[in-house]
Every structure is written in structure tokens, then in C-alpha cells.
Amino acid sequence: MGTIEDPSEDLAVEPPKTWAAGVPAVAHALKYSLEENSVRRTALTLLNINQAKGFDCPGCAWPEPGGHRHMNEYCENGAKHVNDEATTRRVTPDFFREHSVAELDGKSDLWLNQQGRLTSPMVKRPGATHYVPIEWDEALDLLAGELRSLDSPDEALFYTSGRLNNEAAFLLQLFARVFGTNNLPDCSNMCHESSGFALGETLGIGKGNVSLDDIHDADLVFVVGQNPGTNHPRMLSALEETKQNGGHIIAVNPLPEAGLMRFKNPQKARGVIGRGTAIADQFLRIRAGGDLALFQALNRLLLEAEEEAPGTVLDHEFIRTRTTGFEEFAEQAVKTPWEDVLAATGLTRDEIEQVHRRVLKSEKVIVCWAMGLTQHKHGVPTIREIVNFLLMRGGIGAPDGAQGTVGGVCPVRGHSNVQGDRTMGVWEQMPQRFMDALGKEFGFTPPAEHGLDSVGAIRAMRDGKAKVFVGVAGNFVRAAPDSGVTEEALRRCRLTVQISTKLNRSHTACGETALILPTLGRSDRDVQATGEQFYTVEDSMSEVHASRGRLEPASPHLLSEVAILCRLARRTLGSEAAVPWEEFEKDYGTVRDRISRVVPGFEDFNARVAKPGGFRLPNPVNRHVFPTPSGKAVFTRNAFTMLSAPRGHLVLQSLRSHDQWNTIPYAMNDRYRGIHNARRIVMVNPDDVSELGLSDGQQVDIVSVWDDGVERRADGFRVVSYPTAPGSAASYYPETNVLVPLDSVAEISNTPTSKGVVVRLEPVAAAAS
């Protein structure tokens with residue numbers, strides 16, 4: 001692993017903020033943007049971001065309004081992210097001559113990102129200490145030659161993050177499958193996979209069913225395991241509208257996040273000079289991993305209320321005609337012991353019963369969640385229990401012909417196009433109907449055996465079973481768990497390839513041979529042989545729309561991801577399959593024509609996406625059509641489980657700071673949580689600080705406890721007393737990814753358990769002695 005910076009002696013802590021956004025958010029966004037760009041370029045990016053004829057913000061997957069859009073249709077972190085990408089700073093070949101790979105490996109994530117945009121293809125040869133320039137043709141020939149020389153296509157891995165657009169994602173999975181492998185690990189494997197498995201099993205489709213308008217008009221919205229104020233701040237505008245329309249909000253989170261308490265909308269007078277809008281009507285400071293127990297308790301209360309007043313609580317007609325498994329579920333649900341629920345959640349029975357009373361008063365209920373649920377060992381059962389909660393009252397979708405707001409599930413994705421990449425086929429186990437359509441369209445037989453997900457890919461590289469890693473966007477090394485194992489796994493590869501816009505740690509933990517292939521950013525103009533191109537993305541609510549870059553590219557030597565993949569495919573595959581790679585590179589519309597014949601819901605793709613705002617993919621769940629094997633929604637039995645830590649230990653969750661996007665910090669601050677000038681901190685409840693014999697500001701090592709007996713240690717963190725749920729601690733990723741064992745994964749989904757790591761805090765002085 002790379003050298004770890006010493007903990008900052010300049011750590012400053014102030015009380016956490018109790019509201020989000022407002023004028024300070026605007027000021028911070030502009031300050032950061034102008035540090036990266038000129039006034040003109042900053043204005044050009046901000047006036048085009050999330051506009052109908054502009055480009056989609058890469059920062060998150062929250063949808064844009066369908067009608068009128070503000071001139072400034074972005075949030076603080078969106079503005080920072082897009083101007084971070086559009087920066088005028090450049091990483092040239094001279095930079096790589098000055099810095100060896102080993103030297104870069106010792107730099108922080110913050111420093112690497114601050115160097116700017118990559119400008120030229122680079123290669124590190126076997127035994128070399130530095131990257132050196134390479135021409136595009138030679139680089140792609142090198143990669144194609146390595147792929148062709150493999151003993152099996154399954155020795156290659158093709159990873160992508162949600163930054164990729166639909167057209168490039170479709171081509172990536174097509175190339176991999178014509179090449180002969182389903183090894184398509186992606187960021188969803190590490191973040192959102194639990195949602196897909198749980199919803200696919202129970203509802204028949206692994207996506208949410210609600211729209212932005214549904215959020216606005218809901219009676220009750222749960223925001224569970226999610227921090228919208230930092231990770232997707234535009235969601236706060238939607239929740240503000242929920243409140244103004246008379247709806248209520250329940251926040252469930254181990255930390256009291258500012259955005260869940262009060263929102264000052266800088267687009268409105270009350271957000272600038274007033275007090276803004278209170279968001280959560282009830283805030284449940286739940287213990288990490290206690291969400292399963294919470295919804296099991298709510299389900300028990302609903303069943304008991306129905307027993308007391310038959311026919312007034314549950315929707316028996318819906319249950320009888322549209323679902324299966326209710327009796328088995330109900331038999332178990334009423335047996336959930338209250339003492340177990342209270343131990344798992346850290347809540348009082350009064351708090352939970354207050355939630356229950358709010359539910360009984362509400363007709364249109366929506367449950368939103370993010371990685372606070374998915375990255376637990378019991379993430380899939382938790383989400384299945386949420387589906388049980390909604391199904392009991394017929395609260396998912398609406399039957400044929402029904403008008404108005406629908407209730408249901410809203411898994412909120414983090415990356416801009418993480419949902420679109422999956423729709424386009426980037427999954428190691430796509431259903432057979434997709435594979436059949438793909439094979440028919442392009443005249444080949446896709447591989448039948450499922451491929452490797454992200455955790456499986458790390459194991460394969462570690463064990464010498466995978467030899468070539470191709471990363472298309474993202475920062476795999478810093479997104480993955482068990483950092484030491486992951487970095488060593490990449491270094492064992494014969495060739496690693498990173499298709500990137502900016503420098504990151506994945507360029508320094510590299511194989512025997514390594515390529516850096518620089519690509520266009522979301523804000524860059526993309527001009528091909530037939531003229532200027534646009535591409536498309538899909539947001540968390542299944543809205544598909546166009547994105548058009550407006551800036552001149554950072555370098556004349558950049559290629560688009562579509563161009564890179566098409567040129568690589570021609571060199572690697574030759575005439576295999578009837579795939580017109582050259583046409584695809586020239587005109588992205590020809591890619592969309594093929595997508596329209598392969599992917600359901602994309603019929604007449606080019607015409608529909610040309611309309612302002614694009615179109616929404618159909619969701620049969622909203623018509624009470626459930627594409628499960630039985631044709632009905634499925635109630636499930638989920639055994640009670642809870643996270644518990646031995647005495648003297650805590651349950652640690654990793655999270656972002658406010659001044660961070662994904663794996664990349666933009667500053668050493670966490671403004672909303674009141675933490676400044678340091679990232680190597682661990683937030684611990686004051687009572688736990690005292691009980692553990694620690695003191696505020698004390699330096700500790702964090703050591704994770706796992707049943708393989710391997711010590712995983714994150715050195716040199718400072719204790720910060722913070723109002724987390726008792727027994728729960730929190731610290732930032734990627735610095736704490738080292739603590740997440742590779743084999744500690746969610747049941748069924750194989751997602752790393754980054755929100756539920758049992759740790760002990762060792763005082764540095766005691767460890768040294």
C-alpha cells in the first residue's frame with residue numbers, strides 16, 4: 001500500500017451544522033469552481049449543467065425536474081464536481097517524467113486529483129519506474145495483443161463505474177461478450193447490488209418504481225441509511241416540496257446529518273434570509289445495521305393493528321390477488337421479540353410506535369434508501385422487509401388506469417449512470433432474455449457462464465486466475481474493500497488499463513505493464529466523423545435523457561470512451577460477429593439504433609431521447625404487474641439478525657465527508673459535520689469515548705475484527721466525540737477501506753459490508769509500548 005500521511009495536527013472541530021445549503025453552499029461552490037477554472041469557463045459549466053440541452057452532472061443520479069428548470073439546476077457538490085473535471089490544470093508527459101510510480105503511490109488521493117486532467121496516453125513497461133508516452137495505435141495494439149494471447153477470455157476483467165454513458169456501456173458489454181466473457185464487474189457490485197437482488201426477487205424488477213412527482217406528493221417519505229445533504233443534495237429540493245405539500249418525512253440514520261434536519265434552498269428567499277424548511281418530522285438515530293429490526297417491528301405493529309380492527313389496516317384484496325407468501329411472512333413477523341428489536345436499533349418502543357402511528361395516517365408511502373442499507377451482511381433481507389412493509393397495505397404502484405401519486409420503493413443511486421450501465425447489460429449475470437436478444441442482433445452466441453463481480457475479480461487477480469484488468473472510468477483500487485489485498489491483486493496482473501479523465505490511485509497500484517488511456521469528460525465536446533455527438537444516461541428514477549458537452553477537450557490527444565472501445569474491438573476481434581464498430585465510432589446514433597432492438601423500453605430510442613427531458617422507462621410494477629416467476633409480488637420471511645460488537649469494540653461505518661465526491665476528497669474538511677483540516681478521524685459517541693477509556697482528540701489505530709484472524713489496521717486516526725448512535729462509529733472512505741475484509745460481504749448480493757465493520761480503537765501510545 002502507499003505511504004499514509006501523518007494525522008493532521010491542525011484538526012479543528014466545531015459543533016455539527018443543523019441545516020444544509022443556503023448562501024454558504026453557493027459560496028463554497030463558487031470558491032472551489034473558480035480555483036479550478038476561469039470565470040468564463042465556470043459560468044459555461046454551471047449554466048449548462050443539468051439543462052435540457054446541456055450535460056448531465058456526473059456527481060449523482062438524482063433526476064432533473066420534468067418541466068421548468070432553474071437556471072442554476074445544480075447543487076454545491078455538483079458544481080464542485082463538474083468544475084473539478086473541467087479544471088484547467090493538466091497532467092502532461094513531463095509530469096510523469098518528474099514523478100515515478102512509487103512516488104505517486106505515496107501521495108494522497110487529494111493530491112493526485114488536484115494535479116488536473118490527463119492529456120496523453122501513457123505506458124509503464126515491465127520493470128520500469130516511470131510512465132512514458134505512447135501513441136494511441138501502439139497502446140491499443142498492446143492491449144489487443146495481450147487480450148488475444150490469454151489462454152481464456154475469462155482471464156480478462158472489464159470494470160466500469162457509473163460515470164460511463166449508456167452508449168459506451170452497451171459497447172463495453174458487447175465487446176466483452178463477443179470476446180467471450182461475462183467478466184463485467186462494476187461499481188454496483190460494491191454499492192447497490194443488494195437493492196437489485198432484493199427488488200428483483202420480490203417485485204421482479206431491480207429498480208425503484210417512483211418518480212420525482214411521486215416524492216413531491218407523498219404523504220410519508222422514509223429516508224433510510226442515506227445522507228442527501230452531501231451525496232445528492234438536489235434531493236433536498238424534492239423533500240422540501242413534500243413538506244410544502246403537506247407530506248411528512250422520517251429520517252433513519254446513525255448520525256444526525258444536517259440535510260436531514262433543515263434545508264435552506266438558495267433558489268428561494270426563505271432559504272437565503274429565512275430559516276428554510278425543516279425536513280425530518282421524526283429523526284431515528286438508529287444503531288448501525290438496525291434497519292432490518294426496525295421494519296420487522298413496524299410490520300408486527302401493522303399486523304397487530306389489523307387484528308384489533310379487521311379490514312382497516314391491510315389491503316386484503318391486493319394481498320390475495322397480487323401477492324404470494326403472505327401467510328408464511330405474517331406467521332414469522334408477529335414473533336419478533338421487542339427486546340431484540342430495541343437492542344438492535346437502540347431506539348425506544350415509543351419512538352417506533354410513533355412511526356407506526358404516522359404510517360397509519362398515510363396512504364402514499366415511499367421508502368428511500370442508499371448504501372446505509374445495502375452495505376451490510378443482511379442488506380438483502382433488510383430491503384426485502386421494506387417491500388413486505390409496503391406490500392401489506394398495497395402501497396407499491398397502482399392498478400391499471402389509476403391516476404395520481406404512487407407509493408413504493410426508491411433506491412437512490414450515487415453515480416450519475418450506475419443504473420443505466422446495468423440496463424445496458426453491464427452485469428456479470430444478465431438474464432437470458434437479454435443475452436438472446438444481444439446474440440440475435442449481432443449474430444453470435446454470448447457466453448453462457450456467469451462472470452465475476454468486483455469481489456470475485458479481486459480474488460481472481462489475487463490467485464493468478466485473471467491476468468488483464470481494464471477499468472473504464474472510476475477508481476477501482478480506492479472503491480474496493482481490503483485495500484492491501486486489492487492493491488496487491490492489481491500488481492499481480494500482466495496488464496492493467498485505466499481509461500480515465502484524472503489521476504487517481506488506480507494508476508499507481510498497477511500491473512507488470514500498465515496503460516493510462518485519457519478520455520473525454522462529461523463537460524467536453526465530443527466531435528466524431530459525422531459531427532458533434534451526444535450520449536445518454538439513466539437516473540435513479542429510470543428517466544433517460546441526452547447529455548452534450550460544451551467545453552473544448554482538455555487535450556487534442558483525448559478520445560471518447562466510445563472511440564476507445566470501438567478501436568480496441570476492431571483490433572482484438574477482427575471480423576468476429578456482425579458488429580459495425582467503425583460506424584458506431586462515427587455516429588453514436590447507430591449505437592442507439594441497436595440498443596432499441598436489444599433493450600426493452602428503448603424502442604425508437606433516437607426519436608424519443610431527442611425530445612427535451614428525454615423519456616421514462618416503463619415500470620410494470622406501477623400497474624401491479626410483477627415479472628416474478630409466479631407473476632405476483634413476493635412476501636418473504638427474513639430471520640431476525642443484528643450487528644453486535646464484543647465489549648470494548650464498536651461497529652464502524654465508512655462514509656463520505658461533505659467535501660468529497662465518491663473516492664476523491666476535494667478538501668481536508670467535512671463542513672456539515674464541523675470537522676476541519678483532517679480526514680484521518682473517527683467519530684465516536686461521547687459515552688463510548690468515556691467507556692473505552694479514550695479522550696477527545698486522542699490518536700488511535702483502528703483495527704478491524706474478522707474471523708480469518710488477519711489483522712487489518714488503519715493507522716493514526718484522531719477520536720472525535722460526535723453524536724453517533726451508541727455503539728456505532730464512523731470514519732471516511734477510502735481511508736478505512738483497508739478495514740473491510742474481502743470476504744465480509746452481504747448475503748446473496750456479495751456487496752462488501754462497508755457499513756458494518758467490527759473494530760477496536762488502540763491508543764497509539766499503548767500500541768507502541
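Trainee: Which side chains meet in a salt bridge at 2.7 Å, N to O?

Mentor: In this predicted model, the side chains of R117 and D524 meet in that salt bridge, with 2.7 Å from N to O. R117 lies in strand β4, while D524 sits in the loop between β18 (513-518) and β19 (527-528), so the pair ties together parts that are 407 residues apart in sequence.

Trainee: Are R117 and D524 buried or exposed?

Mentor: R117 counts as buried at 1% relative accessibility, and D524 is buried as well, with a relative accessible area of 2%.

Trainee: How many salt bridges does a search of the whole structure find?

Mentor: The search finds 48 salt bridges. One of them joins the side chains of R571 and D137, at 2.8 Å from N to O. This pair links distant parts of the chain, with R571 in helix α27 (residues 561-573) and D137 in helix α7 (residues 136-148), 434 residues apart.

Trainee: And what about the accessibility of R571 and D137?

Mentor: R571 counts as partly exposed at 24% relative accessibility, and D137 counts as partly exposed at 45%.

Trainee: What does D186 meet in a salt bridge?

Mentor: The side chain of D186 meets that of R422 in a salt bridge of 3.1 Å, N to O. D186 belongs to the loop between α8 (166-179) and α9 (187-191) and R422 to helix α22, so the pair ties together parts that are 236 residues apart in sequence. D186 is buried, with a relative accessible area of 1%, and R422 is buried with a relative accessible area of 18%, where the cut-off for buried is under 20%.

Trainee: Which residues are linked in a network of salt bridges?

Mentor: D701, E711, R713, R760 and E762 are linked in such a network.

Trainee: Back to helix α22, where R422 lies. What does Q419 touch there?

Mentor: Q419 lies in helix α22, which covers residues 418-423, and Q419 is buried, with a relative accessible area of 4%. Leaving aside residues up to four places away in sequence, Q419 touches K207, R413, E538, D539, S540, M541 and S542. With S542 there is also a polar contact of 3.3 Å between the side chains.

Trainee: Different glutamine now. Where is Q533?

Mentor: Q533 is placed in the loop between β20 (531-532) and β21 (535-538), and Q533 is buried, with a relative accessible area of 7%. The side chain of Q533 makes a polar contact of 3.1 Å with the side chain of T530, and it reaches the backbone oxygen of G531 at 2.9 Å.

Trainee: What else does Q533 touch, not counting residues up to four places away in sequence?

Mentor: On that count Q533 touches D526, Q528, K586, D587, Y588 and G589. As for L761, Q533 and L761 are 228 residues apart in sequence and 53 Å apart in space, from C-alpha to C-alpha.

Trainee: Let's switch to strands. Which way do the residues of β29 point?

Mentor: In strand β29 (residues 681-684), I681 and M683 point one way and V682 and V684 the other way, and all are buried.

Trainee: Now helices. How many residues of α3 are buried?

Mentor: Helix α3 (residues 76-85) is mostly covered, with 10 of its 10 residues buried; among them are E76, K80, H81, D84 and E85. The buried residues of α3 pack against α1, α2 (39-48), α6 (109-114), β4 (117-118), α12 (228-231) and β26 (660-661).

Trainee: You mentioned α1. Which residues make the nonpolar surface patch?

Mentor: V26, L30, L34 and V39 make a nonpolar surface patch of about 340 Å², and the largest share of that patch, three residues, comes from helix α1 (residues 22-36). V26 lies in helix α1 and counts as partly exposed, at 37% relative accessibility.

Methods:
Residues are numbered from 1 along each chain as its sequence is written. This is a predicted model: local features need pLDDT of at least 70, side-chain atom pairs count only at pLDDT 80 or more; totals for chains, interfaces and linings use all residues. Side-chain values use heavy atoms; hydrogens and water are left out. Buried means under 20% relative accessible area, exposed over 50%, partly exposed in between (1.4 Å probe, protein chains only). Helices (H or I, at least four residues) and strands (E, at least two) are DSSP runs, numbered from the N terminus. Contact means heavy atoms within 4.5 Å. A polar contact is a pair of N or O atoms within 3.5 Å; within protein, one must be able to donate a hydrogen and the other to accept it, and residues adjacent in sequence count only if both atoms are side-chain atoms. Patches are made of residues with over 30% relative accessible area and no salt bridge: like charges are joined within 9 Å, nonpolar side chains (Val, Leu, Ile, Met, Phe, Trp, Tyr) within 5 Å. Accessible areas come from the Shrake-Rupley method with a 1.4 Å probe; for residues, only the protein chains shown count as cover. A salt bridge is a side-chain nitrogen of Lys or Arg within 4 Å of a carboxyl oxygen of Asp or Glu.
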